[in-house]
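Please look through the sequence and the three-dimensional structure shown below, and then read the report that follows.

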Amino acid sequence: RQEALIHPDLQEAVVLIAGVGMLGGWTAHALARCVAHVALFDPDVVEDVNTGNQPYNGELVGRPKAEALASQLAGLPVSWTHGPFPLDKKPQELLAEAGLPPTEEARKLIVISAADSFDVREKVAAYARYHEAAFFVDTRALADISVVVVVAHRIIEKYLKEEVIRDDQAPEGACGERGTAYVGLATAARVVATLNAAMRGIPYPYFHVEDVVTGIVLRANRAE
């Protein structure tokens, strides 16, 4: 039923998600229903405080986040790793570990950063550029503000030079710490819709900042 709506390139995509908290967790829920495979990476375990705005319930407290999320997505094309994003491994190695053909070139690689640290986000973006991912996606949130950056490979270097901020420049509190589930869900929807638009050749904002409550778009830079 989705086939006419989801572009074939997105259906064939393999997605690597660094961090599966409020933003990465809900985004994984959305993408796992659209793409060929989603690989989850997170070194943290589910805590009581996570059940308020992240896709976890009380029964999952104490379990590794990536494992807990994969259990919720059982039956969908998902693999998980309890650990940080493996910057030292090639995408082909990660696909092989997930049991996927590592040299199947029809698959599109998408790398998503939803880690708490902005320094980690920069490293994940550099990883996406170096390994020629079709898209790098950065997700951020603060209170009711959702930020989604969908960067085609050709402009990842520009993103690294112009849009990256450091941990000491970021607002206090981990990304999503003061967020809500509805901001996470809105961010997830924006990520999938923007990737689908990009692959369908529809003009899209590569940098989209929105107040989810009011619907006011604070920034919407069009992709070049």
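In which loop is Ala 143 found? Ala 143 is found in the loop between E5 and E6, where helices (H or I, at least four residues) and strands (E, at least two) are DSSP runs, numbered from the N terminus. This is a predicted model, in which local features need pLDDT of at least 70 and side-chain atom pairs count only at pLDDT 80 or more, while totals for chains, interfaces and linings use all residues. Residues are numbered from 1 along each chain as its sequence is written, and side-chain values use heavy atoms, with hydrogens and water left out.

Phi of Ala 143 is near 55 degrees, a positive value in a residue other than glycine, and at 36% relative accessibility Ala 143 counts as partly exposed. Here buried means under 20% relative accessible area, exposed means over 50%, and partly exposed lies in between, with a 1.4 Å probe and protein chains only. Glu 132, which is not a glycine either, has a positive phi of about 55 degrees; Glu 132 is placed in the loop between helix H5 (118–130) and E5, and with a relative accessible area of 62% Glu 132 is exposed.

**The sheet and a helix on it**

Eight strands form an open sheet with mixed pairing, in the order E3-E2-E1-E4-E5-E6-E7-E8, and two strands pair if DSSP finds at least two bridges between them. Strand E3 (78–82) and strand E8 (217–222) are the edge strands, each of which pairs on one side only. From one strand to the next, the twist averages 10 degrees. Strand E7 (residues 205–211) pairs with E8 in the antiparallel sense over five bridges, and Glu 210 stands opposite Val 217 in E8. Helix H7 (residues 181–199) packs on the sheet, where H7 touches strand E4 (109–113), strand E5 (135–142), strand E6 (145–152) and E7, and the direction of H7 makes about 25 degrees with that of E6. Contact means heavy atoms within 4.5 Å, and the axes are lines fitted to C-alpha atoms, for helices over the stretch in contact, with angles running from 0 to 180 degrees between N-to-C directions.

**The nonpolar cores**

A nonpolar core is a set of buried Ala, Val, Leu, Ile, Met, Phe, Trp, Tyr and Cys residues joined through side-chain atoms within 4.5 Å. The largest one has 64 residues, and those with the most contacts inside it are Leu 16, Val 38, Leu 40 and Ile 110. Leaving aside neighbours within four places in sequence, Ile 110 is in contact with residues including Leu 10, Phe 135, Leu 195 and Met 199.

**Aromatic pairs**

A search of the whole structure finds four aromatic pairs; rings of Phe, Tyr and Trp (its six-membered ring) pair if their centres lie within 6.5 Å, and planes under 30 degrees apart count as stacked, over 60 as edge-to-face and the rest as tilted. The table gives two of the pairs.

| Pair | Centre to centre | Angle between planes | Kind |
|---|---|---|---|
| Phe 41 and Phe 85 | 5.3 Å | 70 degrees | edge-to-face |
| Phe 136 and Tyr 159 | 5.5 Å | 55 degrees | tilted |

Because Phe 41 lies in strand E2 (residues 37–42) and Phe 85 in the loop between E3 and helix H4 (91–97), their pair ties together parts that are 44 residues apart in sequence. Both Phe 41 and Phe 85 are buried. Phe 136 lies in strand E5 and Tyr 159 in helix H6 (residues 156–162), so this pair ties together parts that are 23 residues apart in sequence.
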